[in-house]
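User: I am new to this structure and would like a close look at one part of it. Please start from a single residue and then connect it to the rest.

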Amino acid sequence: MGVFKTAPEDLRCLVLNADYQPLSYYPLSTWCWQDAIKAVFLERVDIVSEYETQIRSPSFAMPAPSVVALRDYISQDRPPAFTRFNLFLRDGFQCQYCGAKGVENMTYDHVIPRAYGGKTSWDNIVAACAPCNLKKGGRTPKEAKMPLRRQADKPNMHQLQVQGRKFPPKYLHESWLDYLYWDVPLEA
Ligand SMILES: [Zn+2]
């Protein structure tokens, strides 16, 4: 396949679930055009919107899909993986002690220190900036007089999706916008 008006790497395709919500907001679910076209031919997705750019091969030509929707709904009820990224996402990339925001200098902290038997689990790990982590050291929030802004708990996929929506990707093709923000409450 070849012959492009624009570079192929520009032709990313937004992937929606069968309910036309993005599969994931952050990172935003997108495929390269090759994967998008493969899924079209396998009849796993419907094309919702297209680029003007044609994908051509000896046997066919078609516009590159810019938005596709899965035919089979993928459940969002599965528990989120306990990863550093999901943990930071739950906490909004915000230090849970002082409120500092950002990804640089962000670490994770055992609320109840490991030396006290604190576990590495959703309800005992929070995002903390490096200075707070250092300051708190091997103490509990009470001992360190550093109360948590919010009690740590295990999020569900929906909560992470809500968080992810606050961090829009840098690049959005205009045809994606309708599907990204239509469920955002309108401001009065
Ligand atoms: Zn901090």
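Analyst: Lys145 is exposed, with 8 other C-beta atoms within 10 Å. (A residue is buried with 20 or more other C-beta atoms within 10 Å of its own, exposed with 12 or fewer, and partly exposed in between; the C-beta atoms are placed from the backbone.) The model is predicted, and local features need a pLDDT of at least 70, side-chain atom pairs count only at pLDDT 80 or more, and totals for chains, interfaces and linings use all residues. Residue numbers start from 1 along each chain as its sequence is written.

Lys145 lies in the loop between α4 (141-144) and α5 (157-164). (Helices are DSSP runs of H or I with at least four residues, strands are runs of E with at least two, and both are numbered from the N terminus.) Although Lys145 is not a glycine, its phi is positive, at about 55 degrees.

Two other residues also have a positive phi. Tyr20, again not a glycine, has a value of about 65 degrees. Tyr20 sits in the loop between β1 and β2 and counts as partly exposed because 14 other C-beta atoms lie within 10 Å.

Val111 is buried because it has 21 C-beta neighbours inside 10 Å. Apart from neighbours within four places in sequence, Val111 is in contact with Gly118, Asn124, Val126, Pro141, Leu148 and Ala152. (Contact means that the two C-beta atoms, placed from the backbone, lie within 7 Å.) Lys136 is 25 residues from Val111 along the chain, and their C-alpha atoms are 9.3 Å apart.

The next part is α1. Its buried residues are Trp33, Ala36, Ile37 and Ala39. They are on the same side of α1, because they cover an arc of only 160 degrees around the axis. (The arc is that of the directions from the helix axis to the C-beta atoms.) The elements covering these residues include β1, β2 (30-31), β3 and β4.

Trp33 and Ala36 are also among the residues with the most contacts inside the largest nonpolar core, which has 17 residues. (Such a core is a set of buried Ala, Val, Leu, Ile, Met, Phe, Trp, Tyr and Cys residues joined through C-beta atoms within 7 Å.) At least two residues of this core come from each of β1 (13-16), α1 (33-41), β3 (45-56) and β4 (61-70). A second, separate core of 10 residues includes Met106, Ala127, Ala128 and Cys132. Cys13 belongs to the largest core, and beyond four places in sequence it touches Thr30, Trp31, Trp33, Ala36, Pro65, Ser66, Val67 and Val68.

β3 and β4 pair in the antiparallel sense over eight bridges. (Strands pair if DSSP finds at least two bridges between them.) The hairpin that joins β3 to β4 runs through four residues, and Arg56 has Ala61 in β4 as its bridge partner.

For the protein overall, the secondary structure comes to six helices and six strands, in the order β-β-α-β-β-α-β-β-α-α-α-α along the sequence. Of its 188 residues, 23% count as buried. Among contacts with a separation of 6 or more, 61% are between residues 24 or more positions apart.
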